[in-house]
Every structure is written in C-alpha cells, then in structure tokens.
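Reader: I am new to this structure. Please show me how to read it, one feature at a time.

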Amino acid sequence: MRGYLLLAVAALLISGCSNFGERLSERATDTGGWISEQLSGTGKAKDPAELVEFEPQFKAEKILSKSLSDGVGRGYPKPVPAYYGEQVYVVDDRLRGVTAWNYQNRDRLWSTEFEQKIAAGVSVDETRVLVVSDNAELLSLNRQNGELLWQSQLTSEVVTPPVSNGEVIVITTTDGKLLGLDANNGQQKWMIEHEVPALSLRGNSLPLIIGDMVVKGFADGRMTAVETNTGYEQWETPVGLARGRSELDRIIDADSNPVADGGVIFASAYQGRVVAIGQNSGEVLWSRTLSSYSDIALDLFNIYLSDDQDTVWALDRRTGATYWKQDALNARRITAPAVVGDYLVVADFEGYLHWMDRDDGSFVARSRPSKTMTSSPLRVIDDQLHLMTDEGELIILAPPGGAAE
C-alpha cells in the first residue's frame with residue numbers, strides 16, 4: 001500500500017502551507033493520479049486508465065467476508081488494523097474505540113471505547129495494544145481484554161501508529177520528532193529531531209525496528225538509524241535528493257515504510273530515489289531515480305513498488321535494474337503491491353484487485369470483492385490476502401493453492 005500513505009492520497013495534506021494543503025485535501029476524493037500534476041503546478045489531473053482486457057487464468061477464492069467496524073470515514077489519516085496471530089484489532093465506533101476479533105472463527109473478543117477520537121491507527125505487541133488519540137495521548141491496552149494499562153501525554157500531533165518491540169515504543173510526530181518510550185509506563189527514554197521543510201507530504205510512514213536498531217525516513221529525505229534503547233544515532237543516509245527551485249519541486253519525503261531483509265534495507269522517497277542500504281553501515285549499495293511513496297514488497301529476487309504515476313515496478317534486489325514494469329494502471333490510485341504466492345497484487349480506487357504474474361508483470365486475474373476502496377495496506381498471512389475496506393469489511397482471498405486446508 002502505499003505503506004501507510006495509502007492509495008496515493010491517504011495522508012497528502014501539505015504541512016507549512018494551509019491553503020494549498022486544503023486544496024489538495026479537497027482533491028483527495030477525485031479520481032486518478034493527480035498528485036504529480038498538483039505538486040508540479042500544472043493543475044491537471046489524469047483520468048484513470050481504463051481496465052485492460054485479458055484472459056484470466058484463475059478466480060481467487062473468497063475465504064472470509066465480514067464487517068468488523070463502522071469504517072474509517074473520509075478524513076485523514078485513516079486508522080489501519082493490526083494483526084497478532086489469528087486476531088485483528090480495528091478502530092471502531094466512529095473512531096472512538098478499538099475492537100479485537102478472531103478472524104478465523106469470527107468471534108468478537110473485546111471492545112473498548114474512549115472519550116476522544118483515535119488519530120493514529122492500531123499497533124500491537126505481545127502484551128499490549130497501542131493507539132494515539134487526536135489530542136496526542138498514547139493509550140496502552142491489555143491485549144487480552146482491552147483494559148487500559150496506562151496513558152501518556154505526548155507533546156506533538158501523531159498520525160502514525162506506534163511501533164513496539166515489547167520493551168520500547170517508538171513514535172513519530174508530525175513536527176519531525178522520533179520518540180522512544182518505555183513500554184511499561186510510557187515514559188520518554190530518548191528523542192531525536194529532524195527539521196520539517198516548509199512543504200512536505202503529511203505522510204505516516206512507520207519506523208522499522210530491526211533487533212536493537214530503529215530505522216526511519218523523514219520529511220527532509222533522510223533515512224536515520226538509531227539504537228533502540230538509547231536513541232544513539234548509528235548512521236544517516238539521504239534517500240531523497242532535492243532538485244528544482246520551487247518548494248513544490250523540492251519535496252523529497254522518505255515517506256514509505258522501509259523494509260529489511262538479508263542485512264539490506266530498501267526504501268524510497270517522493271521525487272527522489274529507491275535505494276538499497278547496508279543495514280549495519282548505512283552505505284548506499286545501489287540507487288534508482290524513481291519517485292515513490294509506495295511501500296515495498298519483496299521476494300528472493302526482486303523488490304516491487306508503485307511510483308507516483310501508479311506504474312508498478314519490479315527491480316532486481318541486488319542491483320536495482322528493472323526486471324519489468326506494468327503501466328496499465330496509471331492514475332487508478334493503487335495500493336502498494338503485495339506478494340501472494342506466485343502473484344503480485346494491488347487494489348485500486350474502485351475496489352478492483354489486480355493480480356499479476358511475478359515473472360513478467362502480466363495480468364492473470366482480476367477480482368472485485370467489494371466496490372469500496374481500501375486505504376489500509378494489503379496484508380498477506382499464510383499465502384492468503386487480507387484487505388480491510390474503508391467501510392470496515394475484512395475480506396480474505398486466496399489464489400489457487402493458497403486456501404487453508
């Protein structure tokens with residue numbers, strides 16, 4: 001999905017210039033790939049590409065379809081669900097509560113309501129469920145029963161779900177701070193701060209915890225790695241490189257969720273680059289000029305992402321060379337891709353799921369399990385595709401050979 005930026009507009013409110021941000025926010029309900037045109041000043045939005053015809057090779061099997069919440073509404077950011085084992089935790093009751101479900105047997109386990117609205121999604125670790133309210137209060141709930149364990153007041157607005165390794169909770173604020181909090185009581189352990197440019201994508205990418213390291217991309221285009229317990233900076237690497245004269249041209253947010261595998265971190269930046277970074281050294285192993293705020297999916301050979309025009313790319317994970325690209329979905333506001341078995345899947349603004357062959361990017365199937373778009377990231381669990389629509393319906397699909405026994 002476009003990570004947590006989602007569907008090309010999930011959090012595209014411009015900070016630092018309220019009038020322009022309001023205009024972009026109003027356009028967020030328009031169809032098509034309008035972001036680059038708006039940010040480049042042409043003011044022209046593309047019409048979404050027509051669906052191409054092809055001979056489908058299979059029909060994905062629907063394993064589950066169940067309404068779990070009352071939806072996420074039209075505002076941004078859009079809270080996203082969190083998974084732990086067979087449980088899924090969703091924001092409910094018009095953004096004022098959290099409900100836990102067992103998606104295998106469809107049982108509701110517990111539900112907790114709050115006086116204030118939830119602003120920053122849901123996250124979960126082994127013992128607790130975490131949310132942040134719209135008045136910047138971090139709430140920690142018992143994962144088993146939903147009881148409030150503690151609450152901690154933060155100093156700045158938060159639009160990203162917290163991330164926890166069970167000992168330290170890492171939080172990103174909209175004014176460029178990265179906070180490390182004690183998971184037992186919410187007390188601050190450390191803080192680092194990056195300057196937020198005059199204009200930036202008001203995105204909500206997540207920090208990535210890898211062992212004793214936290215990696216986070218910032219609005220200034222830099223990727224920073226710090227020690228989890230102390231906040232000590234281990235390295236910093238530019239992902240976006242500012243070009244052009246205007247503030248719009250120089251927006252370079254590293255706004256996708258970084259992913260790590262085999263000692264390499266993969267990340268991207270809007271109007272910037274896709275990079276492979278050595279996990280321990282921070283050295284750029286390779287880079288490609290490619291504008292994207294899409295989350296990255298990967299397999300043993302390639303990484304997969306969508307650019308700001310909704311072209312899907314497969315890049316060799318060793319060199320960054322193009323393996324294939326699929327541009328038939330331009331301006332369809334697609335999510336970030338997800339690897340499901342032998343296939344790559346994206347969802348678009350009309351609720352279509354586009355299944356592509358991972359070998360060449362050709363379309364092999366098309367599903368429309370809902371006519372509602374999904375702003376939440378596509379999740380893959382046990383080779384089954386999980387998607388949560390904006391109306392709060394959880395849908396689980398499986399390709400051939402991917403259904404549970």
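Reader: Which residues do ring pairs link into a cluster?

Author: Start with the rule. Rings of Phe, Tyr and Trp (its six-membered ring) pair if their centres lie within 6.5 Å; planes under 30 degrees apart count as stacked, over 60 as edge-to-face and the rest as tilted. Here ring pairs link Phe 58, Tyr 343 and Trp 355 into a cluster. By this rule the protein has 8 aromatic pairs. In one of them, the ring centres of Phe 58 and Trp 355 lie 5.6 Å apart with planes at 85°, so this pair is edge-to-face. Phe 58 sits in the loop between α2 (35-40) and β2 (61-67) and Trp 355 in strand β30, so the pair ties together parts 297 residues apart in sequence.

Reader: What kind of model is this, and how are residues numbered?

Author: It is a predicted model: local features need pLDDT of at least 70, side-chain atom pairs count only at pLDDT 80 or more, and totals for chains, interfaces and linings use all residues. Residues are numbered from 1 along each chain as its sequence is written, and side-chain values use heavy atoms, with hydrogens and water left out.

Reader: How many helices and strands are in the protein?

Author: Helices (H or I, at least four residues) and strands (E, at least two) are DSSP runs, numbered from the N terminus. The protein has 2 helices and 34 strands.

Reader: Are Phe 58 and Trp 355 buried or exposed?

Author: Buried means under 20% relative accessible area, exposed over 50%, partly exposed in between (1.4 Å probe, protein chains only). Phe 58 is buried, at 13%. Trp 355 is buried too, at 0%. Across the protein, buried residues make up 61% of the 405 residues.

Reader: Which residues touch the most other members of the largest nonpolar core?

Author: A nonpolar core is a set of buried Ala, Val, Leu, Ile, Met, Phe, Trp, Tyr and Cys residues joined through side-chain atoms within 4.5 Å. The largest one has 16 residues, and Phe 58, Val 345, Leu 353, Trp 355, Leu 378 and Leu 385 touch the most other members. β29 (343-347) is among the elements that give two or more residues. With 3 residues, β29 gives the most to this core. Apart from it lies another core, of 15 residues, including Trp 110 and Leu 139.

Reader: What is the order of strands in the open sheet of 4 strands?

Author: Strands of a sheet pair through backbone hydrogen bonds, either parallel or antiparallel. Two strands count as paired if DSSP finds at least two bridges between them. The order here is β7-β8-β9-β10, with antiparallel pairing. β7 (123-124) and β10 (148-153) are the edges, each with a single partner strand, so one side of each has no neighbour in the sheet. β7 and β8 (residues 128-132) pair over 2 bridges. Ser 123 stands opposite Leu 130 in β8.

Reader: Where is Asp 310 found, and which backbone nitrogens does its side chain reach?

Author: A polar contact is a pair of N or O atoms within 3.5 Å; within protein, one must be able to donate a hydrogen and the other to accept it, and residues adjacent in sequence count only if both atoms are side-chain atoms. Asp 310 lies in the loop between β25 (302-306) and β26 (312-316). Asp 310 is buried, with a relative accessible area of 1%. Its side chain reaches the backbone nitrogen of Ala 331 at 3.3 Å and that of Arg 333 at 2.8 Å.
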